[in-house]
Every structure is written in C-alpha cells, then in structure tokens.
Amino acid sequence: MNLDPAAEKFEYNPSIDIRELITLEDVMEEMGYGPNGGLIYCFEFLMESLDWLEEQIGDFDDDYLIIDCPGQIELYTHFPLMRQFCYALQNTFKFNIVGVYCLESQFIEDTTKYFAGVMSATSAMFNLEIPQINVMTKMDLVSPDLKKSLDRYFDPDKSLLLSEANKQTPPKFLSLNNAISSIIDEFSMVSFIPLDISDEDSIAYVISHADNSIQFGEDEEPKEPKLFETALTCLAYTKLI
C-alpha cells in the first residue's frame, strides 16, 4: 500500500494507492501550498475520507499489508495525523499493526546525526502509540572499520555521545549533550535491528520481528507434518534413546 501522495516511481505495483484519492502535485497547484503544507493537507483529506480507505482495504481481510509511508519525519513526531491513521487501522478496521522506523547506516558515521535519529525514533514511538521496531538499513554499505563497533550503535551507548559528540561540540552545548544522552539512557526504549538488503537471512530476521509484534500467523491451524518429516522426527527420537 502506497501512502505517499508525492511518490513518482515504484519498485513494486501498489495494491492500494493514496494517489488515486489525492496527490501532492494537485494540492500544491490548486491550493498554493508548499511540499510540507501540501503533504499535511493530503493526510487531513485522507482522514476525512475513511470511507474510501474502507472500500480499498475491504478485500484484504486477514492479509498482510505493508504500508509504504512518506519520509517526512514531522508526520511521525509533530503532528497527530499519522497517529489518527494508525488508530483507524486498529479500531475501525481491526488490523494489528507495527511501525518500522528506518535509519540509514550512514548516520553512524556522524555521532551527532546518529543520536538525532535515535531521538526521532523515540519521539515517533511516543507520538504514534503503537508497537515499533527500529531498523538500521543499508548495512551492506558500512565500512569495515565501523563494523568492528556496531554493537554500540544497535543499542545506543550513552558514553558514545559523551565521548565522540563532545569533541565536535562547543563548550556551551556540552550540558545539552549530557541531557540528551541521559534521556536516551533512562528511557532505554530504542534499539536497532540491522538490515542488509542483499542478505536473505537479514531480511527474514527483520520480518520475523514484525510478525512477532503483530502476532501474525498465530491464528492459523497447525500444519500436518509430511511423512518425510515424521520419519525424521521418529529417527531422531529413536537415536536419542
């Protein structure tokens, strides 16, 4: 499902597309808004058109929908529109949902940008009020030197900000660094799952976290084991005895 009214090109064919309802280009042209204001208007219009959304997702009962959202961080940290959308999915359409917050691995090359990303992820968790997993993408592009210390970035290390960021910060902002690092350390809500798009196991690992968060597949009936699988189980049991 595409939820970006400004999207132009896709690597997939969306089953549901917000651009069939409204596009950012039309809003900017007709209303005279800029890109950010136009995007907010598009989401306000979407929330006033839940009957359209209900009609679109009506055929996807008990299905797994992946919703491709816009990249503007303000939608998730400052405005209530995305939270209202999530609320509608959960309470009106009865979907189990999980948010997947993506932070590019290039952010770890600059400690201050990395911790800004951590704070944004934390803010999104508070604002959206839904289960959330945080994914560090493009791990295939990480330099060999950084790969030696990735654990510090998967689970944000307070000392990393104080030791590295303070070197780049004027003295008058050191207390701000300390306050930010204390918030991250005290709440301890954000950790990252690495994603290497070229590695099938890495992709499966991220999907498994999403599945667990929404309890996907728990209502399915257990599958009957195949004869070959049963034979292997019996063989293993006999050997154990």
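The points below go from the sheet to the helices, and then to a few single residues.

1. **Before you start.** This is a predicted model, in which local features need pLDDT of at least 70 and side-chain atom pairs count only at pLDDT 80 or more, while totals for chains, interfaces and linings use all residues. Residues are numbered from 1 along each chain as its sequence is written, and side-chain values use heavy atoms, with hydrogens and water left out.

2. **The sheet.** Look for an open sheet of 3 strands in the order β1-β2-β3, with parallel pairing. Helices (H or I, at least four residues) and strands (E, at least two) are DSSP runs, numbered from the N terminus; two strands pair if DSSP finds at least two bridges between them. The edge strands, each pairing on one side only, are β1 (99-104) and β3 (192-194). On average, neighbouring strands of this sheet are turned by 35° against each other, direction ignored; the axes here are lines fitted to C-alpha atoms, and angles run from 0 to 180 degrees between N-to-C directions.

3. **How β1 and β2 are joined.** Strand β2 covers residues 132-137 and runs parallel to β1, with 6 bridges between them. Together with helix α6 (residues 111-128), β1 and β2 make a right-handed β-α-β unit. Right-handed means that, with the strands pointing away from the viewer, the path from the first strand over the helix to the second runs clockwise.

4. **Helix α11.** This helix has 15 residues (200-214) and reaches 21 Å from its first C-alpha to its last, close to the 21 Å expected at 1.5 Å a residue. The expected span is 1.5 Å times one less than the number of residues. Its buried residues are Ser 202, Val 206, Ala 210, Asp 211 and Ile 214, and the buried residues of α11 pack against β2 and β3.

5. **Helix α10.** Asn 177, Ser 181, Ser 182 and Ile 184 are the buried residues of α10. They cover an arc of only 165° around the axis, so they sit on the same side of α10. On the face turned away from that buried side, you will find the exposed residues Ser 175 and Glu 186.

6. **Positive phi values.** Most residues other than glycine have a negative phi. Lys 94, however, has a positive phi of about 60°; this residue lies in the loop between α5 (81-92) and β1 and counts as exposed at 64% relative accessibility. Lys 138 also has a positive phi, near 60°, and is found in the loop between β2 and α7 (144-147). Its relative accessible area is 35%, so Lys 138 is partly exposed.

7. Leu 3 lies in the segment before α1 (24-31) and counts as buried, at 0% relative accessibility. Among the residues that Leu 3 touches are Ile 18, Phe 43, Ile 67 and Phe 85, where contact means heavy atoms within 4.5 Å. Leu 3 and Phe 43 are 40 residues apart in sequence and 9.0 Å apart in space, C-alpha to C-alpha.

Key
Buried means under 20% relative accessible area, exposed over 50%, partly exposed in between (1.4 Å probe, protein chains only). The arc is that of the directions from the helix axis to the C-beta atoms. Lists of a residue's contacts leave out its neighbours within four places in sequence.
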